[in-house]
Amino acid sequence: RISHDPMKAVVSTQSTGIAKACTASTRSDGVGDDYIEFREFRFFLLSLRQYFEYHVAFTRSDENSDKKISLEEFVGAQEQMEKWVGPIGDLEGEFSKIDINGGGAILFDEFVQWAITKNLDLEDDDDKIE
């Protein structure tokens, strides 16, 4: 058994995505305790890998590396984003939907929620499970 609370404290400063992968994996069996058990470990690794993929996509779109995606960056990344999620259509409307807090920029957590609903998949990753 791996306790995810200490891991969560260390990792949350690095990426909330990793902490969320820990949380998701401990809830995968419906119990939601503080430990990643053996039967949850594979789901944890898959969740962790997916969050890393979202992070790569986010980083590629965040041209000035300020940890947020502006409308200009989002519009500039249209071609690559559409490779990952399919046609977007109204870019400004989609941007507003993703920017949940209305701050004028897309934060990583907001991007992840959107990426999950769009089944984001990078074209150049190796995501075949054998």
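**Close-up views of a predicted model**

**View 1. Isoleucine 106 is a buried residue.** Isoleucine 106 has a relative accessibility of 0%, so this residue counts as buried, the cut-off being under 20%. The model shown here and in the other views is predicted.

**View 2. Isoleucine 106 sits in a loop between two helices.** The loop lies between α6 (91–98) and α7 (108–118). Leaving out residues up to four places away in sequence, isoleucine 106 touches Phe58, Lys68, Ile69, Phe74, Phe95, Ile98, Asp99 and Phe111.

**View 3. Helix α3 covers residues 38–61.** This helix has 24 residues, and at 1.5 Å a residue they should span 34 Å. The C-alpha atoms at its ends are 36 Å apart, which agrees with that expectation. The buried residues in α3 are Glu40, Phe44, Ser47, Leu48, Tyr51, Glu53, Tyr54, Ala57, Phe58 and Ser61. In an α-helix there are 3.6 residues a turn, so residues three or four places apart point the same way.

**View 4. The protein contains seven helices and two strands.** Along the sequence their order is β-α-α-β-α-α-α-α-α. Of the 130 residues in the protein, 37% are buried. Among contacts with a separation of 6 or more, 54% join residues 24 or more positions apart. The accessible surface is about 7900 Å², and carbon and sulfur atoms account for 53% of that surface.

How values were computed
Residues are numbered from 1 along each chain as its sequence is written. This is a predicted model: local features need pLDDT of at least 70, side-chain atom pairs count only at pLDDT 80 or more; totals for chains, interfaces and linings use all residues. Side-chain values use heavy atoms; hydrogens and water are left out. Helices (H or I, at least four residues) and strands (E, at least two) are DSSP runs, numbered from the N terminus. Buried means under 20% relative accessible area, exposed over 50%, partly exposed in between (1.4 Å probe, protein chains only). Contact means heavy atoms within 4.5 Å. Accessible areas come from the Shrake-Rupley method with a 1.4 Å probe; for residues, only the protein chains shown count as cover. The expected span of a helix is 1.5 Å times one less than its number of residues.
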